[in-house]
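Here are a few friendly notes to read beside the model. Take them one at a time, and keep the structure open as you go.

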Amino acid sequence: MDKFINRLSTTLFSHKTPSQQPTCSPALPLLFLEYFLRRFAVTYTTFAVLHPLVSSAAFTLVISQTYNIMNFSDNAMKINKNIFAINKLLEDAYHSPRLGNKKNPLNELLYIQLSLRTTGPSFGRVYAGFKRVFPRWEDVYEAPQKEIAKALFNAGLSNQKAANLKRILRRLKMDFGKVSLEPLRVYEDTTMEGYLCSLPGLGKKSARCIMLYSFDRKVFPVDAHCFRIVRRLGWIRPGTKYSDKVADRLQGMIPKELRYSLHVNMVAHGRAICSERFPKCNICPILKFSRYGQKHVLSKGKS
Ligand code: SF4
């Protein structure tokens, strides 16, 4: 390295301007090329030493991914077998409730955004209060962000939600010339989902809620209730974390005609019986299909 620096400084400062100021030599690019070639050689040697470790890590990764896929497809067969029965039992218990969701897609967008990190009755109240202050979306578009945040105060993260809302409305005005999501109605599912997911603060779950409730599309939003229930049913492995990929696979497993009823009834079931901390498995209508419930009830029966 010292040798390289010596050569670099000699080359750099070997040419002087008439005013005797050091200037850059034309040999500089060649020197840098040499330096990078040496670096490459070192990296290559390091790689050769690390190669067995890297390849065994890659092997482990491939095996775990394959296992994951196998696990999903194995469950997919079981789901196909039981899903209609589960849907029927949940439908009989909850009758596909509307859950306060909105027909107007922009209203639904607000409703869903308010529901993030807010509890049920509370975000319903905030929504109603917001609509009293701003009955028309044009009013929200014109209003200063501060006033929007004030109207959202009880929703939590009100400044962030107000900023996102403002940016969304500006984007709609720019794209469609009006503050409305109605122009999306002619889009096919993938394009619609892509557009909604590109709006500030909107993820796949929110996009699919808007598509399901306001555009009558046959999608399956995986919210916290649905995710908990499908995990307990054993449709996905116990330690699986939510991700867009998992949400896509779950949606792919559910027949289109069941997506609406299964989603709304699972939300109702999650609120009424299959809660996060204290699931009431002993009165659950789908106990016989639930891996978690079977284990939970059986272990209680034994003790
Ligand atoms: S049996 Fe228990 S864990 Fe399983 S779905 Fe029913 S309430 Fe949830």
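1. A word to start with: a residue is buried if 20 or more other C-beta atoms lie within 10 Å of its own, exposed if 12 or fewer, and partly exposed in between, with C-beta atoms placed from the backbone. Helices are DSSP runs (H or I, at least four residues), and strands are DSSP runs too (E, at least two), numbered from the N terminus. With these terms, α9 is mostly covered, since 10 of its 11 residues are buried.

2. Please keep in mind that this is a predicted model: local features need pLDDT of at least 70, side-chain atom pairs count only at pLDDT 80 or more, and totals for chains, interfaces and linings use all residues. Residues are numbered from 1 along each chain as its sequence is written.

3. Now the overall picture. The protein has 13 helices and 0 strands. Of its 303 residues, 26% are buried.

4. Back to α9. Its buried residues include K204, R208, M211 and L212. What do the buried residues of α9 pack against? They pack against α3, α8 (189–197), α11 (244–253) and α12 (259–272), where a contact means that two C-beta atoms, placed from the backbone, lie within 7 Å. Just after α9, D216 takes a positive phi of about 50°.

5. Let's look at one of those partners. Helix α3 (residues 105–115) packs with helix α9 (residues 204–214) at an angle of about 135°, and their axes are 9 Å apart. Axes here are lines fitted to C-alpha atoms, for helices over the stretch in contact, and angles run from 0 to 180 degrees between N-to-C directions. That angle makes α3 oblique to α9; angles under 35 degrees count as roughly parallel, over 145 as roughly antiparallel, 65 to 115 as roughly perpendicular and the rest as oblique. From α3, P105, E108, L109, I112 and Q113 make the contact, and from α9, S206, C209, I210, Y213 and S214.

6. Next, the ligand. A shell of 13 residues surrounds the ligand, and the closest are C274, C281, C284, S290 and G293; a residue is near a molecule if its C-beta atom, placed from the backbone, lies within 6 Å of it. The elements giving two or more residues to this shell are α10 (224–233) and α13 (291–302).

7. Last, a single residue. R167 is found in helix α7 (residues 158–176). Why is R167 partly exposed? Because it has 14 other C-beta atoms within 10 Å. R167 and Y141 are 26 residues apart in sequence, and their C-alpha atoms are 9.3 Å apart in space.
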